Amino acid sequence: QAGAREFFVAHVDEGIRLRSVISEKARITVLHGPRPDATAECVQYGLRPVLNSLDQVAVWRSEAVKAERPLEAALQVDSGMSRFGFSGADLDVLHEDRTLMDGLKISLVMSHLACADTPEHSANNAQKQQLLKMSARLPSAPLSLSASSGIFLGPDFHLDVVRPGAALYGIAPN
């Protein structure tokens, strides 16, 4: 009712519950991507998965074939956290065979800051630069780097989309 149109949830089941109380026009992004047994539910409920691997790209592409239409997805790159996302080698594979993403509408490229709770940490800027470098090898899409703590690093880290979570409840990193 306040006008929010972008929502991020961790899991598919959370996205399904949220879909029941928000506008069909609102976008719900599933940060952990689709479980292999929940890809059809992502399509049914209009959830945008965050894809973190070549395997997830293949699974989502197969759902696009079944749906007979392009399906929206976000791609996460590993800009230095070493936890989730496409590596440079994965991007090489995607770059060399662009057909791997046929049927996918990439509408967000994102990463996650490892040291956002420490504003002076040099990894923050290094990760931002790495995201910019890696995203240049992908289809043009809005960029997102900052969750709650990253937002407090200032506008240089906001890019196109921020992902406030705990900050919505007044929690700040310091």
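Predicted model: local features only at pLDDT ≥ 70, side-chain atom pairs only at ≥ 80, totals over all residues.

Biologist: Which residue meets R27 in a salt bridge?

Modeller: E72 does, through its side chain. The N to O distance is 2.8 Å. This pair links distant parts of the chain. E72 is in strand β4, residues 71-76, and R27 is in strand β2, residues 27-30. They are 45 residues apart.

Biologist: Are those two buried, exposed or partly exposed?

Modeller: E72 has a relative accessible area of 24%, so it is partly exposed. R27 comes out at 27%, so it also counts as partly exposed. Buried would need a value under 20%.

Biologist: Which residues are linked with E72 in a network of salt bridges?

Modeller: E6, R27 and R48 join E72 in that network.

Biologist: Now E63. What does E63 form a salt bridge with?

Modeller: Its partner is K66. The closest N and O atoms are 3.2 Å apart. Both residues lie in helix α3, which covers 54-67.

Biologist: What about D37? Which side chain does it meet?

Modeller: That of R35, in a salt bridge at 3.0 Å, N to O. D37 is at 60% relative accessibility, so it counts as exposed. R35 has 38%, so it is partly exposed.

Biologist: Change of topic. How many strands form the sheet, and in what order?

Modeller: Seven, and the sheet is open. The order is β1-β2-β3-β4-β5-β6-β7, with parallel pairing. The edge strands are β1, at 6-9, and β7, at 161-163. Each of these pairs on one side only. From one strand to the next, the twist averages 30 degrees.

Biologist: How many bridges join β6 to β7?

Modeller: Two, and the strands run parallel. Strand β6 covers residues 143-147.

Biologist: Rings next. How many aromatic pairs turn up?

Modeller: Zero, from a search of the whole structure.

Biologist: OK, but which ring does the charged end of K128 sit over?

Modeller: The ring of F157. The charged end of K128 is 5.3 Å from the ring's centre.

Biologist: Last one, S149. Where does it lie, and is it buried or exposed?

Modeller: S149 lies in helix α6, residues 148-151. Its relative accessible area is 17%, so S149 is buried.

Biologist: What does S149 touch, leaving out residues up to four places away in sequence?

Modeller: On that count, S149 touches A116, D117 and P173.

Note on methods: Residues numbered from 1 in each chain as written. Heavy atoms only, no water. Pairing = 2+ DSSP bridges. Helix = DSSP H or I, 4+ residues; strand = E, 2+ residues; numbered from the N terminus. Axes fitted to C-alpha atoms, helices over the stretch in contact; angles between N-to-C directions. Salt bridge = Lys/Arg side-chain N within 4 Å of Asp/Glu carboxyl O. Buried < 20%, exposed > 50% of the residue type's maximum accessible area, 1.4 Å probe, protein only. Phe/Tyr/Trp six-rings, centres within 6.5 Å; stacked < 30°, edge-to-face > 60°. Lys NZ or Arg CZ within 6 Å of the ring centre and 35° of its normal. Contact = heavy atoms within 4.5 Å.
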